[in-house]
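Trainee: I would like to learn how to read strand pairing and chain contacts in a model such as this one, going from a single pair of residues up to the whole assembly. Could we begin with the strands?

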Number of protein chains: 4
Amino acid sequence: MLLEFTMYPTDKGESVSEYVARSIEIINASRLPYQLTPMGTIIEGEWDELMAVVKKCHERMNKDCNRISCSIKIDWRKGKTGQLKQKIQSIEKRLGKPISK
Amino acid sequence: MLLEFTMYPTDKGESVSEYVARSIEIINASRLPYQLTPMGTIIEGEWDELMAVVKKCHERMNKDCNRISCSIKIDWRKGKTGQLKQKIQSIEKRLGKPISK
Amino acid sequence: MLLEFTMYPTDKGESVSEYVARSIEIINASRLPYQLTPMGTIIEGEWDELMAVVKKCHERMNKDCNRISCSIKIDWRKGKTGQLKQKIQSIEKRLGKPISK
Amino acid sequence: MLLEFTMYPTDKGESVSEYVARSIEIINASRLPYQLTPMGTIIEGEWDELMAVVKKCHERMNKDCNRISCSIKIDWRKGKTGQLKQKIQSIEKRLGKPISK
């Protein structure tokens with residue numbers, strides 16, 4: 001299961017990297033495979049372990065923030081693992097070439 | 001805390017109301033206040049009780065679906081309850097009139 | 001086509017109803033059918049007219065805001081109109097009862 | 001402005017990489033900087049050019065699909081460009097180390 005989430009305080013002004021960095025520390029400590037993107041973090045795992053990480057990030061953030069926005073997107077596919085890498089590879093295979101960055 | 005979520009199978013063709021209806025039964029049974037919209041369901045409660053409902057809906061759906069898309073949006077505000085009604089009222093107050101539907 | 005969107009400044013502190021109210025004025029002036037929910041606004045129309053409204057809201061907001069978060073969800077179904085009302089009715093029909101609020 | 005979007009047909013069964021690959025071709029042809037992630041595509045540009053790309057992808061997809069789900073997330077920050085790379089760098093700076101993948 002792939003879970004992408006974005007979480008930030010909306011009462012701390014324009015720059016929120018200080019708060020996002022804390023979440024990355026928590027995600028990193030979970031030992032789950034993840035990828036940071038410019039718009040969020042994508043983690044792979046099972047429902048309970050993924051949601052435990054998201055909850056931990058929220059609990060850390062709500063200690064000193066008054067309003068928090070969080071959006072989560074989950075893509076679940078029966079019997080599939082290793083999707084963090086395979087989804088892009090499957091598109092590249094279709095295109096017959098690696099995707100430029 | 002307000003949680004909006006949308007969950008549907010993507011391997012069951014164009015119409016998915018049969019699967020969405022099951023989720024509504026689960027949400028309804030939770031006794032949490034909720035509002036169904038044309039794009040999802042908004043529930044009010046605490047983190048654990050809200051996530052338990054979403055998980056239950058997913059577990060019911062993955063029994064007979066092979067791929068499920070789920071998106072969740074959470075708006076948390078320190079010390080606030082009754083937001084399911086108050087958020088719209090606060091906008092109406094700003095506008096000085098009820099919002100037309 | 002149904003389009004749900006949520007747009008708010010993230011550099012204006014905890015309460016943003018002042019800014020959201022301006023968007024509602026713009027949406028209302030568009031004459032498109034819409035529904036305000038506690039988590040966003042759902043509008044029905046064609047691609048260009050919907051996107052014109054969202055853009056107008058963004059242009060109004062970025063006049064005096066430095067950072068704006070916007071999320072949009074679009075549900076398009078070939079040949080369907082009146083979905084703002086019919087999607088919920090289709091679920092109610094499945095359930096055999098109106099949905100409690 | 002960074003725009004992340006995910007678009008896929010929901011009436012074409014479990015695997016949709018064929019349809020997603022077409023969108024990547026369109027995005028690639030736009031010459032805008034982008035990054036494909038396992039959960040969507042992030043493009044950087046101005047409002048009109050970004051929305052033109054998303055619309056083109058939708059028009060290509062609705063030629064032979066009956067139902068399409070699309071979600072868009074926009075992060076706009078006054079006077080900022082190069083955010084596709086700088087957002088992650090700003091987190092890494094906070095953490096004092098590169099982010100493991």
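Trainee: Which residue is the bridge partner of B:L3 in β3(B)?

Mentor: Strands here are DSSP runs of E of at least two residues, and helices are runs of H or I of at least four, both numbered from the N terminus; two strands pair if DSSP finds at least two bridges between them. In this predicted model, B:L3 has B:I43 of β3(B) as its bridge partner, and the pairing of β1(B) with β3(B), residues 40–44, is antiparallel over four bridges.

Trainee: Over how many bridges does β1(B) pair with β4(B)?

Mentor: Eight bridges, again in the antiparallel sense, join β1(B) to β4(B), which spans residues 67–77. Two of the positions show how to follow the pairing: B:F5 stands opposite B:I72, and B:Y8 has B:S69 as its bridge partner.

Trainee: Before we go further, how are the numbering and the confidence limits to be read?

Mentor: Residues are numbered from 1 along each chain as its sequence is written, while chains are lettered from A and ligands numbered from 1 in the order in which they are written. As this is a predicted model, local features need pLDDT of at least 70 and side-chain atom pairs count only at pLDDT 80 or more, whereas totals for chains, interfaces and linings use all residues. With pLDDT being the predictor's confidence in each residue, from 0 to 100, chain A has a mean of 95, and 98% of its residues reach 70 or more; the model scores ipTM 0.95 and pTM 0.96.

Trainee: Why is β1(B) described as largely enclosed by the rest of the structure?

Mentor: A residue is buried if 20 or more other C-beta atoms lie within 10 Å of its own, exposed if 12 or fewer, and partly exposed in between, with C-beta atoms placed from the backbone. Strand β1(B), residues 2–9, is largely enclosed because eight of its eight residues are buried. The burial covers both faces, with B:L2, B:E4, B:T6 and B:Y8 on one side and B:L3, B:F5, B:M7 and B:P9 on the other. For a whole chain, the corresponding figure is that 46% of the 101 residues of chain A count as buried.

Trainee: In what order do the strands lie in the sheet?

Mentor: Eight strands form an open, antiparallel sheet in the order β2(A)-β3(A)-β1(A)-β4(A)-β4(B)-β1(B)-β3(B)-β2(B). The edges are β2 (34–37) of chain A and β2 of chain B, each of which pairs on one side only. Angles are taken between axes, which are lines fitted to C-alpha atoms, for helices over the stretch in contact, and run from 0 to 180 degrees between N-to-C directions; neighbouring strands of this sheet are turned by 15° against each other on average, direction ignored. Helix α3(A), residues 83–95, packs on the sheet and touches β1, β2 and β3 of chain A, its direction making about 105° with that of β3(A).

Trainee: How many residues of chain B are in contact with chain C?

Mentor: Two residues are in contact if their C-beta atoms, placed from the backbone, lie within 7 Å. By that criterion, 29 residues of chain B are in contact with 29 residues of chain C. On the side of chain B that touches chain C, α3(B) gives the most, with eight residues. That side divides into 13 nonpolar, seven polar and nine charged residues, where Ala, Val, Leu, Ile, Met, Phe, Trp, Tyr, Cys and Pro count as nonpolar, Asp, Glu, Lys and Arg as charged, and the others, Gly among them, as polar.

Trainee: Why do the copies B and C meet through the same surface?

Mentor: They do so because 100% of the interface residues of chain B are also interface residues in chain C. Copies are superposed by least squares on the C-alpha atoms of residues with pLDDT of at least 70 in both, and chain B can be laid on chain C with an RMSD of 0.0 Å by a turn of 180° and a shift of 0.0 Å along the axis. Of the residues of chain B, B:T37 comes closest to that rotation axis, at 3.7 Å (C-alpha).
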